[in-house]
Amino acid sequence: MNALGRMRAVPLSGVRRHSLAGLREVAGVALVTVGAACAPTGSLGTAHLVATPSLDAPKGTLLIIGGGSQPRELVRPGKARIAILPMATSDAVATGAEKEAELDSLGADSFVVNVTRAQADDDSVVRKLLTASGIWFPGGDQSLLVAALQGSAALRAIHDRFRAGAVVGGTSAGAAVMSDSMITGNQFWPGMTVAVDSPSFSRITRRSIEIVPGLGFVHNAIVDQHFIRRQRENRLFSVVLERPSLIGVGIDEGTALKVTPDGKWTVMGRSSVMILDARRSKVTQSQAASLGAVDIRVSLLPSGSTYDPQTGEATLPPR
């Protein structure tokens, strides 16, 4: 199955989620321009992926931003109807209102959808989401956002809009939720059965990073954010070497990965995206004392670079 094949993540029972510190979300207005073109009509911490066939490739675009401040080249006024889902933050009301005002000032017709998991199945919420040509997920704690949407009618409506051509974007926590399997920010330490929030990741080892199901817009890959700024290479190496079928995507602050309907990835913004590809690597056996691997493909892609997740081929900008 290629990198666009539909997959679903099945969580392990007993995995507990812990809140991360809220992150201020200030990126994302590039969604206005792109959305304007879319008219509405098994170890602890591991999520197992089960492949299911895709009936049709989505016509929408993803704009996945690694958090941090908004680079000038991503700010482009335009016209779109954008749904803002701010449930990742502890102050969703204020975050939603701030983003709504920002987008509307740039010419968008935006609205906030701030719902609990129970409310996410309401017909009124679904009808409102089906009018959107763009969807925006602000930052915060990705586990809160997933808890509010996972398995809901609202999430199915968002996927329907994406398949029909809408833009789906997010920053920071809103970037982490994009993949089938999601990094929570928690890790397991030796002797622990419960993952805990951790600001740093000092090891490359198995059974250390908590992974749960995400919202399923990016397949056969896993997204990490604030990547270069916060030196999260150890975390992503640990994830990818334990799950070599997943492409590791580390997006830095002020940087976006644009995923177009043809499946190609393009880097935008002021920094870079690091790609870790262990699909052809030889990795030490699961019972080995240390985690090791050979032939890992590492790409550091600045703005203007492209990547084909099906072939693993990358191109750098002309200059």
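Of the 319 residues of the chain, 54% count as buried, where buried means under 20% relative accessible area, exposed over 50%, and partly exposed in between, with a 1.4 Å probe and protein chains only. The model is predicted, with pLDDT of at least 70 needed for local features and 80 or more for side-chain atom pairs, while totals for chains, interfaces and linings use all residues. Residues are numbered from 1 along each chain as its sequence is written, and side-chain values use heavy atoms, leaving out hydrogens and water. The chain exposes about 13,200 Å², an area from the Shrake-Rupley method with a 1.4 Å probe, for which, in the case of residues, only the protein chains shown count as cover.

Nine of the strands are ordered E5-E4-E6-E7-E3-E13-E14-E19-E20 in an open sheet of mixed pairing, two strands being paired if DSSP finds at least two bridges between them. E5 and strand E20 (313-315) stand at the edges with a single partner strand each, so one side of each lacks a neighbour in the sheet. On average, neighbouring strands of this sheet are turned by 20° against each other, direction ignored; the axes are lines fitted to C-alpha atoms, for helices over the stretch in contact, and angles run from 0 to 180 degrees between N-to-C directions.

Both kinds of pairing can be followed in detail. Strand E4 (residues 81-84) and strand E5 (residues 109-112) run parallel and are joined by 4 bridges. The chain passes from E4 through helix H2 (residues 92-105) to E5 in a right-handed β-α-β crossover, that is, the path over the helix runs clockwise when the strands point away from the viewer. Ala83 stands opposite Phe111 in E5. Strand E3 (residues 61-65) and strand E13 (residues 255-259) run antiparallel, also with 4 bridges, and here Ile65 stands opposite Ala256 in E13.

Helix H4 (residues 142-149) is mostly covered, with 6 of its 8 residues buried: Gln142, Ser143, Leu145, Val146, Ala148 and Leu149. Among the elements covering these buried residues are helix H5 (153-164), strand E8 (181-187) and strand E10 (209-213). At the start of H4, a side-chain oxygen of Asp141 comes to within 2.9 Å of the backbone nitrogen of Ser143. Just after H4, Gly151 has a positive phi of about 75°.

Key. Helices (H or I, at least four residues) and strands (E, at least two) are DSSP runs, numbered from the N terminus. Contact means heavy atoms within 4.5 Å. A polar contact is a pair of N or O atoms within 3.5 Å; within protein, one must be able to donate a hydrogen and the other to accept it, and residues adjacent in sequence count only if both atoms are side-chain atoms.
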